[in-house]
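Please read the following points with the structure open beside you. They are meant to be checked one at a time.

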Amino acid sequence: METSCQSPMPHSPWTMPSCSLTQQPEVSGLGALLITNLLSAIMTSQQQLVGSDLYPKDTNAFAEKYDFIVVGSGSAGAVVANRLSEISDWNVLLLEAGGDPPISSEIPPIFHSLQETDVDWQYVTEPQEFGCQGMIEHRCNWPRGKVLGGSSILNAMLWVRGNRRDYDNWAAAGNKGWSYEDVLPYFKKTEDFKYHESDTPGAETYSEEYHGRGGYQLLEQFKYRSPIVDGLIDAAQELGYTIRDVNGEKQTGFTLQHGTIVNGTRMSTAKAFLTPIKDRKNLNVAKFAHVTKILIDPNTKTAYGVEFRKNNEKFVALAEKEVILSAGTVNSPQLLMLSGVGPKEHLEELGIPVIQDLEVGKNLQDHMQVVGPAFMFNRSRSYPLDNKKVLDDTYEYLVHRTGPLASIDILQFQGFISTKYAHLDVPGSKLEETEDLDYPDVQYQHIKFPLNDKEGTKRVSHVTRFTDEIYDAVFGIPNSKSEIYIPLTVLQRPKSSGFIKLRSTDPFESPIIDPRYLSDPRDVQTLVEGVKVAISVGQTKTMVDRFETQLNTLKIPGCESEEFGSDDYWSCAVRKVATTIYHHVGTCKMGPRSDPGAVVDSTLKVHGVRGLRVIDGSIMPAVVTGNTHAPIVMIGERGADFIKDDWLK
């Protein structure tokens, strides 16, 4: 097959070349991985058109000193580098351990295929005692972006801000300037929010009071949705839920999600915040630059630079004003501890001189999702993956950037639900007030697969680390009988928390990651109630009549002794099939000096160390109610303004 490509807007950050197929390949023998393999091959051939000039050039020659050094170019770091380099008198060095995003990362639905590649740190947790019981070795995968744009290259592109109470609680804990009223302007500042008449239902609720125009981060609703999404919309309404903008006035209800996507391609923070400024003379970006240590004067406790490795060579970069850690929830605490900032006892065990004794690496939080139970649907009219349709969809995407491949159809519809335990998180509230509180404790999403989609189901199962027995029960057996859709029940405010520690003093060795999933039984109780709601959606008259839905009652291995559908059964199943949804935060907790667990203050300065800040998701005192990418971008915006306030005003 040959292709011809044209770029209608040369080197534009917002569009990719349109291609036409000059010869159609034969369809025989093409499997379910055709989408990934074919698109990756074709779009890689376009790299010369869009890749080489899309991102800032790599820096190999370094100045004697910089005003600011930013470590990490992810969801926050790219924002910080952009905003600091707005000041033409400041010289900014951005250090990234990875390189440019692969062209295949532009294609929304194949984001799972980027895990366990060179753009992923490929972390795994320690064996879990209470959770991840259905995973190989009881370990969960922890993909993290090692690439320009960080985890915004690997994620599902959903833009969810969280609940207003999340931020008001941060402020009430002593973090001045972090209430919902304080952070809303920063969400709006960063956004270029697009909505259209076709963004229904709920379009009428997209108010400029809550959404911004003209920012760097372009946001659109996914252009394509399959019939099952429309069915789920009607099913949610049948159950009495409102279809609304969950980033607006209220959060409880269901929504057709907006995402970091434009013209059918991913809008990562690398593309949103670095591409438009790639030629700024005062911004230097060093790729494949692995920072190994923050340089801190032990006498004055002042950060003055960093050490890093690039091309197997050791470099030192000096900062006249500040070093900013935006390396993420795993790497920011790792670097702090390697540099002598962390729990005294832990550092002394490893022989690291202690500069500042802080609870770095503690307070690790994450959202867990229960995968299943599956619903078999369209049982009388299920068909295997159609190779011709795959080719048609591929052609449509390459030519027009539309169709199923321009969307993450499986995740774009989601809901926020309050279980009977939601009121417990709001002091003074009562059970009967749960819905009125508008502080949901469970998020609903879903995935789906055509009949006998072994490649697709096994890929998802593989990155989840499910054992073969769990795969058969959750995916394999029901999918061999019909199409399946699988609700995902996501815990929003976990009571369990874990930690990150150094495994050794080697900066290239992965740290110890122990989230201690489900160590607090209250998390299991909430997830059990959430699963019941997810099942009720699939059992509505709407879904049964329209899609012939039938719940898969095959028991999860290890839970056979419990009655299917009982609380004891779901409690067992939750511990087997609940896994990470990649929302890791909290390991450099923000809080006042009076908080013994705090690592940074409300302006994100590291307590007791001058010239050093942490600006990324690790500073969250508590994980937000919703996906974490949008809040981390906001943290980048907020943190950059704190720096400007200190040095300009």
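Predicted model: local features only at pLDDT ≥ 70, side-chain atom pairs only at ≥ 80, totals over all residues.

1. Strands (E, at least two residues) and helices (H or I, at least four) are DSSP runs numbered from the N terminus, and two strands pair if DSSP finds at least two bridges between them.

2. Residues are numbered from 1 along each chain as its sequence is written, and side-chain values use heavy atoms, with hydrogens and water left out.

3. Strand S8 (residues 217-221) runs antiparallel to S10, and two bridges join them. Gln221 has His258 in S10 as its bridge partner.

4. Axes are lines fitted to C-alpha atoms, for helices over the stretch in contact, and angles run from 0 to 180 degrees between N-to-C directions. The contact (heavy atoms within 4.5 Å) includes Tyr186 and Phe187 of H5 and Met634 and Arg638 of H17. By class, this contact has seven nonpolar, one polar and five charged residues. Ala, Val, Leu, Ile, Met, Phe, Trp, Tyr, Cys and Pro count as nonpolar, Asp, Glu, Lys and Arg as charged, and the others, Gly among them, as polar.

5. How are H12 and H13 placed relative to each other? Helix H12 (residues 454-464) and helix H13 (residues 468-479) pack at about 170 degrees, with axes 10 Å apart, and are therefore roughly antiparallel. Among the residues in contact are Lys454 and Val460 of H12, and Tyr471 and Phe475 of H13.

6. Strand S16 (residues 313-325) is joined to strand S3 (residues 65-71) by six bridges, and these two run parallel. Strand S15 (residues 302-310) pairs with S16 in the antiparallel sense, over six bridges. Two residues lie between the strands in the hairpin of S15 and S16, where Asn311 takes a positive phi near 55 degrees. S16 also pairs with strand S28 (residues 612-614), in the parallel sense over three bridges.

7. A search of the whole structure finds six cavities of 30 Å³ or more. On a 1 Å grid over the protein atoms alone, a cavity is a set of points where a 1.4 Å probe fits but cannot get out; lining residues have an atom within 4 Å of a point. Grid points are joined across faces, edges and corners, and a volume is the space filled by probe spheres set on the points. The second largest cavity holds about 120 Å³. Its lining divides into 15 nonpolar, two polar and no charged residues, and H16 gives the most, with five.

Methods. Parallel < 35°, antiparallel > 145°, perpendicular 65-115°, else oblique. 1 Å grid on protein atoms, 1.4 Å probe; cavity = no way out; pocket = protein on both sides within 12 Å on 5 of 7 lines; lining within 4 Å.
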